[in-house]
Amino acid sequence: GTEGLVIAAKAYPALRDMNAIIREDRVRKEYLTITVGAPPKGRHEAWLYHSEKNNKVTVRPQPAEGYKKIITEVEVLEQNGPFALCRIGLVTGRTHQIRAHLAFLGAPVLGDIKYGNRKMNERTGFKTQALCAVRLTFGEIPPENTLQYLAGKTVELPDPEIVRRFHALARAGKD
């Protein structure tokens, strides 16, 4: 359900080396999202457990057996009524991390049927999560990596639709 930038490879060497870049945390991923309520801004740490059985995660404030640490950076860009447009930076990238962590922080992603606010989803007509991958920033990449030319580069989605969707919500709230 997430929209925006996607990483893909045309050939096996590029796939292998991109997987290494991701595994070694050499790329920073940033997202825009619309939340119900404004999450607290800053760098948030918690622990996440992924249940393979129902493909759902649980977030808790303290470590526990089977839980993995998650770190999510939150910046609230705009607020309007019950909604906030936020920039999210992933320090760790776990399954459902953004959606579950924001819900845990009290500001679920609009349109999220798994961790979100069902009443607000119905009221706004959002049937998919308002989450968009907008920026990839590549860090240092070793010279032996075939994708070394990406070192220090940023790929950004110009004029993401999610910003227009946020402003449309704000206008609808004034009607």
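**Close-up views of a predicted model**

View 1. Cys132 is buried, its relative accessible area being 2%. The coordinates belong to a predicted model. Cys86 is likewise buried, with a relative accessible area of 0%. For the sulfur of Cys132, the closest cysteine sulfur is that of Cys86, at 14 Å, which is too far for a bond. A disulfide would require the two sulfur atoms to lie within 2.5 Å.

**View 2. Asn145 in the loop between strand 7 and strand 8.** This loop joins strand 7 (131-138) to strand 8 (154-156). Asn145 counts as buried, at 10% relative accessibility. A polar atom of the Asn145 side chain lies 2.7 Å from the backbone nitrogen of Leu147. Apart from neighbours within four places in sequence, Asn145 is in contact with Asp17 and Ile21.

**View 3. Pairing of strand 5 with strand 3.** Strand 3 (residues 42-51) and strand 5 (residues 68-80) are antiparallel and are paired over seven bridges. Within this pairing, Lys69 of strand 5 stands opposite Trp47.

**View 4. Hairpin of strand 5 and strand 6.** Strand 5 also pairs in the antiparallel sense with strand 6 (residues 83-90), over eight bridges. Glu73 stands opposite Gly89, a residue of strand 6. Two residues lie between the strands of the hairpin, in which Gly81 adopts a positive phi near 55°.

Definitions and conventions
Residues are numbered from 1 along each chain as its sequence is written. This is a predicted model: local features need pLDDT of at least 70, side-chain atom pairs count only at pLDDT 80 or more; totals for chains, interfaces and linings use all residues. Side-chain values use heavy atoms; hydrogens and water are left out. Buried means under 20% relative accessible area, exposed over 50%, partly exposed in between (1.4 Å probe, protein chains only). Helices (H or I, at least four residues) and strands (E, at least two) are DSSP runs, numbered from the N terminus. A polar contact is a pair of N or O atoms within 3.5 Å; within protein, one must be able to donate a hydrogen and the other to accept it, and residues adjacent in sequence count only if both atoms are side-chain atoms. Contact means heavy atoms within 4.5 Å. Two strands pair if DSSP finds at least two bridges between them.
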